[in-house]
Amino acid sequence: GTPAGTMPPKKTHKGDAAAPKRQDSLSRHYPKLQDGSSVFGLEEFDDEARAHVIGNRSDWKFYALCSFCHTFRAVLRLPTFTGDELERSLVDPAKHVLTLEILLRLIDPPVRSRGEMDKNRLAVDEWEARLARKIEALAEETDYFESDYPDPDDETRGHPFNGGRTFFDLTPRERLDVLYALGEERLEDDPEGECGAEVWAMAAHNARVADTEEEGHHPEAHGDPIGVDSDNRQYFACGDDLRVYRWEKPKANAFTQPAWGTVCVGLKETMAFADSLKGGKRNSKDYLLWEYLTETHLPPHVAALEREDRAKRAEEKAAEDAEKRRLAKEAYEGVDRKRSGRIAQKAAEEEERKRLEEEAVAKRNAVRAAAAAKEDARQKACWRWMLLPPRLRPAEVPEGMNPAHSEAARSDPGAQRAFKLANSYASNPRGDACVGKRLDVYWDDDQTWYRGVVRAHDRGRHTHEVYYPEDDVTETVRLAAVRKRWIPDGWDESDESGAEPPEVFEPGLEHRGVKVDGSATVLFMRRPETVGKQEQQQQQQEEEEEEDAETETEEDRVVEETRETPVKTLDETVTTTVTKHPGIVAEIKSHVGVDEEKREATITISGTIHRDMNSTHKPPKGAFEMRDYVALGTQALSDAAQKLAEKSNKEASFAEHGDEVPERQHAHIQRILQNGKVIWVEAMSEVQGKYGHPCYKLRLQDDKDASDSPAVIDCVFKPAIDGHGDGWHRAPMEYVAYKLNRMLGMDLVPPAAYRRPQGGIELDYKTFNEGAFLYWVDGADDLCKTGDYQKAVQTGCWGQGVDPRVILSDTRVLDVLLQNSDRHEGHFLFGRHWTEGGLPKGGGLTDKGQLFLSGSQYRPTLIDHAAAFRKEAFVAMDHENAFQTGPTTVVRAKTYLRLRFLDHAAIKREFGWFLSREEQLQLLERRDTILEYLDRLVAERGYDKVVIH
């Protein structure tokens with residue numbers, strides 16, 4: 001980042017000219033500018049607010065703040081927003097709390113008991129005082145506020161909060177100054193932190209900009225321009241936001257208007273502005289800007305508008321269908337059944353039956369939509385409540401919030417009465433004490449609270465019988481595992497204040513609700529593993545019988561084409577003799593039996609210890625007590641069990657992942673990476689310019705392939721550098737990440753090898769002592785460009801058969817083990833997998849007849865793990881991920897199992913050369929932490945909800 005400077009010099013905006021003379025449907029919407037910025041959308045503000053909005057639209061700091069939040073959104077947990085939302089929040093932060101969340105994210109985050117920062121939480125207590133202290137320190141240490149805020153006296157520096165003002169007392173322009181200063185301070189004050197790579201890239205970019213003054217980049221507004229028009233005015237955009245900004249490079253003459261402006265705010269005016277550029281010659285500046293706007297910038301927003309139109313049309317059609325059903329009902333009721341024939345009556349009854357079914361479906365959909373909207377509104381109300389200071393919180397208390405934390409609610413009689421009643425019944429009754437109590441139970445499927453009364457308690461099963469008077473339905477439920485609100489004795493149901501009893505939160509919430517079974521509506525719930533074990537065993541047995549029946553049916557279909565295959569079994573016994581002490585031997589017998597038909601494995605280790613009668617060093621009879629023999633024998637058994645465990649873990653961790661053909665290709669690629677001959681090299685200068693370390697793209701050929709079409713692969717070479725770039729460029733970690741990913745049964749990290757030859761590695765007339773060779777993923781681009789998480793879930797755009805939940809879960813497990821805090825969206829790629837789908841069509845031959853080893857299917861890929869094992873990093877399973885989908889709540893079954901095989905022997909065997917002993921132990925500790933986290937999820941939510949097969 002660069003320190004905040006003064007407002008750029010002012011000049012007359014050429015953009016203030018009238019719209020193009022050409023008249024058509026778009027020209028009417030050409031941007032109307034005031035002080036260089038669009039006046040679109042100002043009608044929702046009053047006169048005073050409009051002046052502030054125009055001032056912010058003409059201030060480059062507004063774009064700089066948007067660009068900062070977009071760039072560092074993942075690492076700093078910043079919210080996603082549009083320019084319109086930020087604009088409204090700057091005008092009225094008490095109503096639109098977006099700016100408050102950004103403030104709390106940029107102030108020091110809360111710290112856990114172990115000392116690390118917890119970025120999944122916001123510290124809302126006394127944030128105004130912390131903000132004032134932060135701004136006062138910035139005024140003392142920097143010049144952010146020097147030009148616009150004069151010093152009150154000789155000893156006090158000027159800043160927006162002088163005179164005891166709060167954030168809510170500032171003008172929108174002053175609030176923008178505060179947010180901008182906090183963002184710039186975060187960049188400058190944390191060069192080695194999570195934002196390090198982005199900061200270095202920005203610094204390199206600014207250095208290049210300084211060397212090319214003819215390009216005329218704006219010195220303060222971070223980000224690259226999207227184009228230049230024929231008047232050499234530069235245009236900027238930020239991420240997915242619609243707004244288009246313009247900067248006119250200042251000249252040495254008289255200036256009367258700001259040089260920075262927001263020229264487009266609305267969709268139609270952006271389309272009209274783009275259309276006005278279309279007349280330029282091909283490859284001219286105007287034409288290229290028009291091309292970017294129409295092919296890159298506008299399409300997502302046009303698609304969003306089309307979705308809104310489709311939704312509106314769907315609502316209109318639903319209203320028309322409702323009217324048709326009403327008319328059909330009137331027609332059915334008006335049928336004269338005495339004079340109508342049987343056929344007419346039957347047709348009328350059929351129409352009425354269809355009408356009732358459609359009406360029921362529409363009613364259910366409407367109820368669900370209303371419940372979802374209500375829950376969404378409650379969440380937003382709670383979020384706003386928490387971010388506002390107590391003096392500004394409203395008297396209307398959102399569900400789940402404490403009225404005592406609002407000055408207005410404390411002075412409101414109704415809210416205070418509800419609060420006292422809630423406090424008087426804060427306890428959570430258990431067992432028989434629940435009988436006779438009233439409560440509200442939350443049903444997930446309906447997203448609604450239902451009032452009931454506890455009628456009975458089953459001590460053996462730890463369940464309660466709850467009766468719902470409204471539906472006249474009784475269910476058996478485990479109260480400790482549901483969302484509930486106990487109704488205090490004496491609670492006034494007619495209270496008009498709208499206050500609700502407090503909800504009791506407990507872990508292990510079950511999925512529960514209603515479903516239609518034939519003509520009846522029945523209750524259902526999925527029990528956790530700790531309840532009803534006999535019923536679970538019976539259900540599991542029934543499911544297995546059903547699977548067997550389905551298998552037999554399938555076998556009947558293909559009995560003519562296939563023969564019955566024998567059931568695989570294993571019966572292996574190994575006997576070893578070990579000398580445990582001079583003259584004393586132990587004979588250990590290890591037996592492993594596997595019966596796949598029964599899905600059963602038997603492991604037996606037994607042994608006998610005695611004097612070695614053939615030894616010349618045997619002790620005399622009776623020299624040792626029998627307890628000595630027992631102690632030596634148990635040591636021998638323990639050693640044998642440990643060796644068998646290491647052998648089994650190794651076999652399980654490196655078992656084939658599926659079809660042996662891709663496995664052979666996987667091994668072939670790694671062999672070429674380790675020993676292949678370099679036949680082509682290209683320096684990746686943009687990487688060196690951005691991060692300061694050399695990097696090369698190579699083509700390697702199989703040195704043992706003497707055929708006419710030798711196998712080749714493209715790869716990236718990352719040489720090891722002194723000091724490992726302060727931990728950000730530790731080349732061996734690329735191989736560690738790849739190997740660890742394979743040991744866990746994953747195939748997300750491209751194949752890698754690490755070379756350390758005696759004569760060094762010669763490339764581009766340079767010699768490197770050692771470095772990592774990484775498979776180059778062909779046709780790769782950022783995964784987020786393929787589609788975000790929600791789109792991947794809905795459309796499968798991340799690859800056929802790819803579960804996005806598994807991708808993010810496996811990535812989080814790998815990053816926690818590696819302590820890789822440098823996982824942002826740019827390190828998720830989507831490209832041609834190295835083995836998936838087999839060789840592409842045409843055999844994968846290069847133009848020189850070489851066999852290029854790759855798969856044919858595109859898959860998500862994880863890259864860049866050189867920042868692993870940094871001491872400053874802290875990554876946990878409950879942290880947010882780069883796609884902002886929340887903490888990890890599911891795990892792939894194979895990953896969950898393979899974590900248990902990641903023992904000390906495996907880590908030492910595979911990574912002993914790359915990791916210190918301390919790092920190996922830390923890796924084991926993190927494995928235990930992950931397993932504890934996943935085991936707790938399974939215990940609380942149930943196996944089926946957490947583990948994905």
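Let me start with a hairpin. In the one made by E9 and E10, with four residues between the strands, Asp 472 has a positive phi near 55°. Strands here are DSSP runs of E of at least two residues, and helices are runs of H or I of at least four, both numbered from the N terminus. E9 covers residues 463-468 and E10 residues 473-477, and they pair antiparallel over five bridges; pairing requires at least two DSSP bridges. Opposite Thr 474 in E10 stands Tyr 467.

This is a predicted model: local features need pLDDT of at least 70, side-chain atom pairs count only at pLDDT 80 or more, and totals for chains, interfaces and linings use all residues. Residues are numbered from 1 along each chain as its sequence is written, and side-chain values use heavy atoms, with hydrogens and water left out.

Next, salt bridges, meaning a side-chain nitrogen of Lys or Arg within 4 Å of a carboxyl oxygen of Asp or Glu. The whole structure has 33. Arg 699 and Asp 714 form one, at 2.7 Å from N to O. Arg 699 is in strand E19 and Asp 714 in strand E20, so the pair ties together parts 15 residues apart in sequence. Asp 714 is buried, at 7% relative accessibility; buried means under 20% relative accessible area, exposed over 50%, and partly exposed in between, with a 1.4 Å probe and protein chains only.

Asp 47 and Arg 50 form another, with the closest N and O atoms 3.6 Å apart. They are three residues apart in helix H1, so about one helical turn separates them. Asp 47 is exposed at 61%, and Arg 50 partly exposed at 31%.
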